[in-house]
Amino acid sequence: MFRVTRAEVRLGKIRDNMKQIRCLFPDTVKLMAVVKADGYGHGDAEAARMAEQGGADALAVAYLNEALRLRAQGITLPILILTPIEPQEVPLAEEHELMLTVTSGEWFREMRRYRNASAADKLKVHVKADTGLGRIGLRSKEEWDELAPWLHADDIVVDGFFTHFATASNEDTTFLTRQRDRFAEMIEWVEHSGVAVNHYHCAGSAAALRFPELAMDMVRIGAAMFGFYPERLVPSVKLEPALSLRSRLMQVKQLRKGEYIGYDNSYRADGDEWIGTVPIGYADGWSQGLQGTQMLVNGKRATVVGKICMDQLMLRLPGPCEEGAEVTIIGSQGDERITCAELARHIGTVPQEISASIAPRVSKVYKE
Ligand SMILES: *Cc1c(COP(=O)(O)O)cnc(C)c1O
């Protein structure tokens with residue numbers, strides 16, 4: 001059952017973006033495609049397949065259930081879960097050949113109660129270090145010294161040691177440099193302890209595109225695969241969005257000056273105005289914060305007026321329009337174009353929050 005409000009994903013764009021990114025790095029640099037949050041709202045398995053065709057060597061997701069969903073859809077690439085999972089879930093993760101993020105010796109102590117492995121069953125882990133984002137990861141030498149002995153075990157493979165930047169999209173690189181230097185210091189701890197690590201990695205999309213010299217052994221590409229990147233700071237590539245979102249006007253009416261639109265009389269007509277109702281609302285991921293943004297009808301911009309409802313919103317139309325006329329919410333129509341970046345600016349966020357917020361209630365259509 002398809003709803004008139006539908007997201008269209010152009011799979012070829014995801015593949016082409018990935019191919020371009022692949023070409024920026026030597027073959028010795030592994031490409032990990034980050035497809036968490038249902039592929040940033042583009043479809044997890046679909047994004048994973050396009051990433052693989054574009055040259056990805058591995059995938060990453062945030063949570064165990066996301067990795068299991070990919071496996072259930074037949075995805076066979078190596079998958080890293082970027083946040084530590086519950087120690088009791090480790091046997092399930094191993095059954096599906098998933099790589100795990102670890103940050104502490106304490107986690108290993110717990111995990112050993114649930115995992116009864118012989119040296120033949122190797123668990124692949126990536127150790128996460130916090131160099132300044134302040135999210136997850138070990139921060140001190142003491143924490144590393146506590147974790148290191150667990151990593152020497154015969155049944156553990158340290159496939160990676162990694163960190164994540166806090167300011168990779170900012171023009172000012174002072175803090176990024178500080179994090180890079182801290183990471184170099186931590187790598188020395190690792191090397192002195194004799195723990196063998198297959199891949200050191202630190203760069204997500206923005207860092208990898210802006211500073212290819214930070215690629216180390218692997219880059220982790222999420223946003224850029226979907227065409228979201230700080231374009232101004234990376235003139236060397238031209239990546240394109242893959243997602244558009246379209247609907248239709250479900251009702252059109254003319255208001256008289258002083259008449260109201262929306263809950264709490266949130267909009268009042270200034271004069272005689274044409275208003276169209278579009279079947280998308282905050283339960284579709286179209287937050288009330290997007291009041292005041294624009295959509296395209298008949299090739300022209302129309303502004304969202306009044307509070308956005310759960311299932312619908314209202315547009316102030318440039319003039320009378322046919323009921324059933326196509327509404328472009330994200331994407332191009334005529335010479336106009338609405339991007340996730342434009343919408344994101346309105347609510348003070350990043351483009352991927354717009355795409356990742358689109359609810360499963362919205363139909364998805366895949367095109368080449
Ligand atoms: C989400 C995430 C990424 C991907 O970041 P993008 O900026 O979307 O490329 C990389 N690494 C980690 C640890 C992440 O959580």
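Which residues are around the ligand? Here are my notes, starting there.

1. The ligand has Val34, Lys36, Tyr40, Leu82, Lys128, Arg135, His164, Ser205, Arg220, Ile221, Gly222 and Ala223 around it. A residue is near a molecule if one of its heavy atoms lies within 4 Å of it.

2. Before going on, the ground rules: this is a predicted model, where local features need pLDDT of at least 70 and side-chain atom pairs count only at pLDDT 80 or more, while totals for chains, interfaces and linings use all residues. Residues are numbered from 1 along each chain as its sequence is written, and side-chain values use heavy atoms, with hydrogens and water left out.

3. Split by class, the shell around the ligand has five nonpolar, three polar and four charged residues. (Nonpolar covers Ala, Val, Leu, Ile, Met, Phe, Trp, Tyr, Cys and Pro, charged covers Asp, Glu, Lys and Arg, and the others count as polar, Gly among them.) Helix H2 (36-41) and strand E9 (218-221) each give at least two residues to this shell. Helices (H or I, at least four residues) and strands (E, at least two) are DSSP runs, numbered from the N terminus.

4. Now the polar side of the shell. Tyr40 has a side-chain N or O atom 2.5 Å from a ligand oxygen atom. For Ser205, a polar side-chain atom lies 2.5 Å from an oxygen atom of the ligand, and for Lys36 the distance is 2.8 Å. On its own the ligand exposes 390 Å², and the protein buries 88% of that (Shrake-Rupley areas, 1.4 Å probe).

5. Thr131 sits in the loop between E6 and helix H7 (141-151). Thr131 counts as buried because its relative accessibility is 10%, where buried means under 20% relative accessible area, exposed over 50%, and partly exposed in between (1.4 Å probe, protein chains only). The Thr131 side chain makes polar contacts with the side chains of Thr163 at 2.8 Å and Gln179 at 2.9 Å. Such a contact is a pair of N or O atoms within 3.5 Å; within protein, one must be able to donate a hydrogen and the other to accept it, and residues adjacent in sequence count only if both atoms are side-chain atoms.

6. Last, Met218, which is part of strand E9. At a relative accessible area of 3%, Met218 is buried. Met218 and Asn170 are 48 residues apart in sequence, with 22 Å between them in space, C-alpha to C-alpha.
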